[in-house]
Amino acid sequence: KEDGGVCLTVANNGNAIAAEKVQEIRETLRTGKSAHRVGLTNVYNRLVICKGDDSALDIDALPEGGTVVTMRWRGDKPAVMT
């Protein structure tokens with residue numbers, strides 16, 4: 001729990017993701033426009049549908065290698081399943 005909400009972080013220690021790729025993924029999540037990154041886009045869309053527009057999904061490259069994906073949502077809002 002973090003600041004009255006929920007924060008879920010998933011990380012790996014595999015190959016580092018390029019900074020350009022991180023920006024591309026962030027842009028895809030922000031706009032929803034891409035034929036690529038369907039999995040992350042679907043996860044983000046489901047998060048917003050279930051937990052609200054103030055939910056967030058972010059991705060970062062770790063300096064020592066690997067990738068971290070973080071999802072945040074309000075903890076006081078019940079899930080809405082459609």
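Read along the sequence, the protein chain follows the pattern β-α-α-β-β, with two helices and three strands in total, where helices (H or I, at least four residues) and strands (E, at least two) are DSSP runs numbered from the N terminus. The model is predicted, so that local features need pLDDT of at least 70 and side-chain atom pairs count only at pLDDT 80 or more, whereas totals for chains, interfaces and linings use all residues. Residues are numbered from 1 along each chain as its sequence is written, and side-chain values use heavy atoms, with hydrogens and water left out.

Of the 82 residues of the protein chain, 28% count as buried; buried denotes under 20% relative accessible area, exposed over 50%, and partly exposed the range in between (1.4 Å probe, protein chains only). The largest nonpolar core has ten residues, namely Ile-17, Val-22, Ile-25, Leu-29, Leu-47, Leu-57, Ile-59, Val-69, Met-71 and Trp-73, a nonpolar core being a set of buried Ala, Val, Leu, Ile, Met, Phe, Trp, Tyr and Cys residues joined through side-chain atoms within 4.5 Å. Helix 1 (19-31), strand 2 (56-61) and strand 3 (67-74) each supply at least two residues of this core.

In helix 1, the residues Val-22, Ile-25, Thr-28 and Leu-29 are buried. They cover an arc of only 125° around the axis, which puts them on the same side of helix 1, the arc being that of the directions from the helix axis to the C-beta atoms. On the other side of helix 1, Ala-19, Glu-20 and Arg-30 are exposed. The cover over the buried residues of helix 1 includes helix 2 (38-51) and strand 2. Helix 1 is followed by Gly-32, whose phi is positive, near 75°.

The structure holds six salt bridges, each defined as a side-chain nitrogen of Lys or Arg within 4 Å of a carboxyl oxygen of Asp or Glu. One of them joins the side chains of Arg-26 and Asp-58 (2.9 Å, N to O); because Arg-26 lies in helix 1 and Asp-58 in strand 2, this pair ties together parts that are 32 residues apart in sequence. Arg-26 counts as partly exposed at 28% relative accessibility, and Asp-58 is likewise partly exposed, with a relative accessible area of 30%. Another salt bridge is formed by Arg-74 with Asp-54, the closest N and O atoms being 3.5 Å apart. This pair links distant parts of the chain, with Arg-74 in strand 3 and Asp-54 in the loop between helix 2 and strand 2, 20 residues apart. Salt bridges that share partners join Arg-26, Asp-58 and Asp-60 into one network.

Note on methods: Contact = heavy atoms within 4.5 Å.
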